[in-house]
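Trainee: I am new to this structure and would like to know what stands behind the terms used for it. Can we go through them one at a time?

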Amino acid sequence: MPLLHVSMRAGKPEAYRQAILDGLYLALREALDVPEDDQFMTISEHSAANFRKGNAFGISRSDDLVYIQVTVFSSRTAEQKRALFRCIAAQLGANPGIRPEDVFINILDAPKENWSVGHGQAQFT
């Protein structure tokens, strides 16, 4: 039951943005074995004035940088998270062609009791 949010510079066509969402879904299915149609994702676009990046950690990033924040159950293992990093970079590299240097991912762990996916119920406790 991951929840994903992508932040990126404004100006890319719809097909580019859809390719990002499609690639993220495929990576989730492969790395985390999420159920079919588990697609809870958003994209926010930002003007150049409202989007900063740096070349920290020896990585040269371009204006195509995407910040991806993934919230998952706290039961995910470190290996599953590493697999997700690899799968996302590979999927977004294949389509829409984002360089691996421009894929910035942050995973947040949330206990299952912190989730309600509808009806005001805690489905996972």
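Trainee: Why is glutamate 30 called exposed?

Mentor: The model is a predicted one. In it, glutamate 30 has a relative accessible area of 57%. Exposed means over 50%, so glutamate 30 counts as exposed.

Trainee: Where is glutamate 30 found, and what is it in contact with?

Mentor: Glutamate 30 belongs to helix 1, which covers residues 14-32. With neighbours within four places in sequence left aside, its contacts are Cys87 and Gln91. Glutamine 80 is 50 residues apart from glutamate 30 in sequence, and the C-alpha atoms of the two are 10.0 Å apart in space.

Trainee: Why does threonine 71 count as buried?

Mentor: The cut-off for buried is under 20% relative accessible area. Threonine 71 has 19% relative accessibility, so it counts as buried.

Trainee: Which residues does threonine 71 touch, and in which strand is its place?

Mentor: Threonine 71 is in strand 3, residues 66-73. Not counting residues up to four places away in sequence, threonine 71 touches Met1, Pro2, Leu3, Leu108, Ala110 and Trp115. Leucine 3 is also the bridge partner of threonine 71.

Trainee: How do you know that strand 1 and strand 3 pair?

Mentor: Pairing needs at least two bridges between two strands. Strand 1 and strand 3 are joined by 6 bridges, so they pair, and they run antiparallel.

Trainee: In what sense do strand 1 and strand 2 pair?

Mentor: Strand 1, residues 3-9, pairs with strand 2 in the parallel sense, over 6 bridges. Two positions show who faces whom: methionine 8 stands opposite glutamate 45, and histidine 5 stands opposite threonine 42.

Trainee: How do you know whether the reach of helix 1 is close to the expected value?

Mentor: Helix 1 has 19 residues, and at 1.5 Å a residue the expected value is 27 Å. From its first C-alpha to its last, helix 1 reaches 26 Å, which is close to that. After helix 1 comes aspartate 33, whose phi is positive, near 55°.

Trainee: Which residues of helix 1 are buried, and what do they pack against?

Mentor: Among them are Tyr16, Ala19, Ile20, Gly23, Ala27 and Ala31. The buried residues of helix 1 pack against strand 1, strand 2, strand 3 and helix 2. An α-helix has 3.6 residues a turn, so residues three or four places apart point the same way.

Trainee: Which residues touch the most other members of the largest nonpolar core?

Mentor: Those are Ile20, Ile68, Leu84 and Ile88, in a core of 27 residues. Strand 1, helix 1, strand 3, helix 2 and strand 4 each give two or more residues to this core. Helix 1 gives the most, with 9 residues. As for leucine 84, its contacts beyond four places in sequence are Ala27, Leu28, Ala31, Leu32, Val70 and Ile107.

Trainee: What makes the radius of gyration of the chain agree with that of a compact globule?

Mentor: For 125 residues, a compact globule would have a radius of gyration near 14 Å. The chain has 15 Å, so the two agree. Its C-alpha atoms fill a box of roughly 40 × 30 × 25 Å along the principal axes.

Trainee: What pattern does the chain follow along the sequence?

Mentor: The pattern is β-α-β-β-α-β, from 2 helices and 4 strands.

Methods. Residues are numbered from 1 along each chain as its sequence is written. This is a predicted model: local features need pLDDT of at least 70, side-chain atom pairs count only at pLDDT 80 or more; totals for chains, interfaces and linings use all residues. Side-chain values use heavy atoms; hydrogens and water are left out. Buried means under 20% relative accessible area, exposed over 50%, partly exposed in between (1.4 Å probe, protein chains only). Contact means heavy atoms within 4.5 Å. The expected span of a helix is 1.5 Å times one less than its number of residues. A nonpolar core is a set of buried Ala, Val, Leu, Ile, Met, Phe, Trp, Tyr and Cys residues joined through side-chain atoms within 4.5 Å. The radius of gyration is taken over C-alpha atoms; the globule rule is 2.2 Å times the number of residues to the power 0.38.
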